[in-house]
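Please view the sequence and the structure before reading on.

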Amino acid sequence: MHKLKNSNEIAIILLLLWLKTVMVMVVGFNIPLHSFLDALLIFINPIGSLMIAIGFSFYFAKSIKPLKLFLIFVFLTGILYADLLYYRFYSDYVTLPILFQFKNVGGIGPSTFELMSPWDILLFVDVIFAGWYLKNKRRMMSIPSDIKVKYITMSLLILTLPILIGLIKAPYLFQESYDREQMVTAIGPFNYHVYDSVYALAVHVDPIVASKVDTSTPLNYTTSKKEDHSDLFGIAEGKNVILVSMESTQNFVINSKIAGSEVTPFLNSLVKDSYYFNQIYDQTAQGKTSDSEFMIDNGLYPLSGGSVFVRYPDNEFLSMPRILQDKGGYYSAVFHGNDASFWNRDKMYDSLGYDRFYSKKDYEVTDHNSINYGIKDIPFFEQSISYLKNLPQPFYTRIITLTNHFPFLLEEEDQYIPPATTNVDVVNRYVTTVRYEDEAIKRFFERLKENGIYEDSIIILYGDHYGISKKYESGVFDLLDMEDSPKNELKLQKVPLIIHIPGMKGKTINTIGGEIDIRPTILHLLGIESNENLSFGHNLFARVENHPVIFRDGEFVTEKYFLKDNICYSRKNGKQTSAEKCEPYQKIARKELGMSDDIIFGDLLRLIE
């Protein structure tokens, strides 16, 4: 009788899948190899999981089933390719929750095809060979039960080895599971998906076992923050609050020029008469725009996987609409030209306490006035004003723009500036859609003044998240004449934050911060103590010096240091420095992200009186 070890079918399929997995990790994910252990892990971590998956072609049969083996081969190839496409835009790895939010990450459309490459065919060439090879195997091997047991045992041993090595290299590997690059490097993409799925299902138990005792740690931590008032405390008390969410707008566009023309001429003029924070970082994760909304309204960090808007819309939240209603009788509304169900906003806004959501159904949307993801910004603002001017005052509103969205499509008639001439078409188009957004905001300000809303309002404009992903950053470096370095990559993570209070003198503020800091900053201006309202954010006018700005993957930036790819860098010169310099901030990041997750997973705010 033949033995499994002589099975060419298993060996060939395993070899092909292993080669393409390593190729995707090294070339597609561009995982940095900082040490011999990194290289060793990437080399061995796919083997165990691939062996286990391939074994399903004979676990429940007396011999290897060619069709099952081929389908497993195609399925695993499909997972790799889906991972690759997702990573190219989001510089992140797919999680189970995000799969249930497929329509919110774009589905199949222009964005997806933009991410494809002719080189992708290399991932599928072997599928044809595998199909031909297995079809022509006339005699498939019989597999005795004892050989199956030995095969499974060997697979599990090989599966365990990289996990042990990974724990030696990163002792907090599973505590920091939000650092998906570290996870994928240590245990491989397939093991990562299994772990992620189990974790995503396990957290559903948290609300069942949560008790009031669990609220004491985050409450004590957030209320003990000591921040001094600035002389701006209460300067905007009772005024309307208008937030403008600028889609995919990064800070590098402010004061930038293309062939002598300003990319954002209106915003450039506005920052001179506003509080302009030029050191604010994008802290969103897989929820993108919904994550930025969540942070600003709730002062909590977004989830590592998926969006709170989709996963936990039934939780109780201490949100901005509720705080402002309670403190100042504010009416609250959101304006967005997309479908109400996109990112589950219709349900989530109810949970957050918004009085009204103006969505696509409230706008006149035609083929002429829409592109890409929906109505263009100029007609969107024009139509929004008719609703805005009739709202009860004071009001708290968010207006979410849409045109400056990947892959940055815009008809020539709407282009106020020619495309850039970098080596990346996406970046060239990005310039035109940002310029269009700038023109739309200019017209919005004009309408606010014409309708008597401007003087009684504070207007906060912020970039919701990055627009140019890591895949296309070479074009930005070309545009700005910058070299590709960890320090410059960090710079591209900045988003603009402009707080405009009519009649107030403008000032550029260099304080570092993140989107989670916008909520306490607004409350400070309105004369409301932010420490009374559970939040991990800090008032940007009096932010604690050197407290880290924490990113969802556990990385961070402080006044002196930043952590990127688990390497500690000096912020001053961008050079690698001692890991010990970053360790205290890593502990803070681990603590705050953990407490924020506990609040969300356990729905702890329902237990606070």
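## The second largest pocket

The lining of the second largest pocket draws at least two residues from each of α2 (36-54), α8 (180-187), β18 (567-570) and α22 (583-601). Helices (H or I, at least four residues) and strands (E, at least two) are DSSP runs numbered from the N terminus. The model is predicted: local features need pLDDT of at least 70 and side-chain atom pairs pLDDT 80 or more, while totals for chains, interfaces and linings use all residues. Residues are numbered from 1 along each chain as its sequence is written, and side-chain values use heavy atoms, with hydrogens and water left out.

Among the 28 lining residues, Lys-169, Gln-182, Asn-566, Ile-567 and Gln-586 lie nearest the centre of the pocket. A pocket is an open set of points on a 1 Å grid over the protein atoms alone, where a 1.4 Å probe fits, with protein on both sides within 12 Å along at least five of seven lines; lining residues have an atom within 4 Å of a point.

## The disulfide

The structure holds 1 disulfide, a pair of cysteine sulfur atoms within 2.5 Å. Cys-568 and Cys-582 form this bond, with sulfur atoms 2.0 Å apart. Cys-568 belongs to strand β18 and Cys-582 to the loop between β18 and α22, 14 residues apart. Because the torsion about the S-S bond of Cys-568 and Cys-582 is about 75°, the disulfide is right-handed.

## The sheet

An open sheet of 4 strands runs in the order β15-β16-β17-β18, with antiparallel pairing; two strands pair if DSSP finds at least two bridges between them. Its edge strands are β15 (549-550) and β18. Phe-556 stands opposite Leu-563 in β17.
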